[in-house]
Amino acid sequence: MEEAVIRPRQRPDLYTGIRAPPRGLLLYGPPGNGKTYLCKALAKEAQCTFFALSASSILNKFVGESEKMLKRVFDAAEYMAPSIIFIDEIDSMLTARS
C-alpha cells in the first residue's frame, strides 16, 4: 500500500505513464481484522481526506436516492482531493447473478 499511495504522493514525477499508481485498491478478509483502521492510517500518513461508507448507509429504499448520495460523496471527495473513499461491506450490496 505504501507504493500504491504514499510514494506517488511524495514523488509524483516518478509515477507517470505506465507507472501510474492504481486508482483503486481491494482489501478483503474476515470482519474484525483491521481493514478500516489500515485505511484510516493510510489516509493520515498520505495526508488525504478519508470518507468511510458502509453498505447500510449507501442503500436506500427509494429509487435513485442511493445514486444521488454516492454522487455527492464522490463530488465532495473530488473537491477535497486527494481523498480516500472506503466502502465497507461492499459484498452485501452485490447480488448473485443467475
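Is L25 buried, exposed or partly exposed? L25 counts as partly exposed, because its relative accessibility is 47%, a value between the limits of 20% for buried and 50% for exposed. The structure shown above is a predicted model. Its chain has 98 residues, of which 21% count as buried.

**Overall fold**

- The secondary structure of the chain consists of four helices and two strands.
- Followed along the sequence, these elements are arranged in the pattern α-α-β-α-α-β.
- The elements include helix α1 (2–10) and helix α2 (35–45), strand β1 (49–54), and helix α4 (65–79) with strand β2 (83–88).
- The C-alpha trace of the chain spans about 45 × 30 × 30 Å along its principal axes.

**The largest pocket**

- A volume of about 1300 Å³ is found for the largest pocket.
- This pocket is lined by 37 residues, and those closest to its centre are R23, G24, L25, I84 and I85.
- Rolling a probe the size of a water molecule over the atoms shows where empty space is left.
- Several elements contribute to the lining of the largest pocket: α1, α2, α4 and β2 supply at least two residues each.
- Strand β2 provides the largest share of this lining, with six residues.

**L25 and the nonpolar surface patch**

- L25 is placed in the loop between α1 and α2.
- Together with M1 and L38, L25 forms a nonpolar patch on the surface.
- The accessible area of M1, L25 and L38 together is about 260 Å².
- L25 is also one of the residues closest to the centre of the largest pocket.
- Between L25 and L42, which are 17 residues apart along the chain, the C-alpha atoms are separated by 12 Å.

- Q47 is located in the loop between α2 and β1.
- The phi angle of Q47 is near 55°, a positive value in a residue other than glycine.
- Q47 counts as exposed because its relative accessibility is 64%, and the cut-off for this class is over 50%.
- I6, by contrast, belongs to helix α1 and counts as buried, because its relative accessibility is 13% and the cut-off for buried is under 20%.
- Although I6 and Q47 are 41 residues apart along the chain, their C-alpha atoms are separated by 9.0 Å.

**A cis peptide bond**

- The peptide bond from A81 to P82 is cis, and its omega angle is near 0°.
- P82 is situated in the loop between α4 and β2.

**Salt bridges**

- Side chains of opposite charge can pair when their charged atoms come close.
- Three salt bridges are found in a search of the whole structure.
- One of them joins R11 and D13, whose closest N and O atoms are 3.0 Å apart.
- R11 counts as partly exposed because its relative accessibility is 41%.
- A salt bridge also links the side chains of E65 and K68, with an N to O distance of 3.6 Å.
- E65 and K68 are three residues apart in helix α4, about one turn of the helix.
- The relative accessible area of E65 is 28%, so E65 is partly exposed.
- K68 is likewise partly exposed, because its relative accessible area is 47%.
- The side chains of D75 and K71 meet in another salt bridge, at 3.1 Å from N to O.
- D75 and K71 also lie in helix α4, where they are four residues apart, about one turn of the helix.
- With a relative accessible area of 36%, D75 is partly exposed, whereas K71 is exposed, with a relative accessible area of 51%.

Definitions and conventions
Residues are numbered from 1 along each chain as its sequence is written. This is a predicted model: local features need pLDDT of at least 70, side-chain atom pairs count only at pLDDT 80 or more; totals for chains, interfaces and linings use all residues. Side-chain values use heavy atoms; hydrogens and water are left out. Patches are made of residues with over 30% relative accessible area and no salt bridge: like charges are joined within 9 Å, nonpolar side chains (Val, Leu, Ile, Met, Phe, Trp, Tyr) within 5 Å. Accessible areas come from the Shrake-Rupley method with a 1.4 Å probe; for residues, only the protein chains shown count as cover. A salt bridge is a side-chain nitrogen of Lys or Arg within 4 Å of a carboxyl oxygen of Asp or Glu. On a 1 Å grid over the protein atoms alone, a cavity is a set of points where a 1.4 Å probe fits but cannot get out, and a pocket is an open set with protein on both sides within 12 Å along at least five of seven lines; lining residues have an atom within 4 Å of a point. Grid points are joined across faces, edges and corners, and a volume is the space filled by probe spheres set on the points. Buried means under 20% relative accessible area, exposed over 50%, partly exposed in between (1.4 Å probe, protein chains only).
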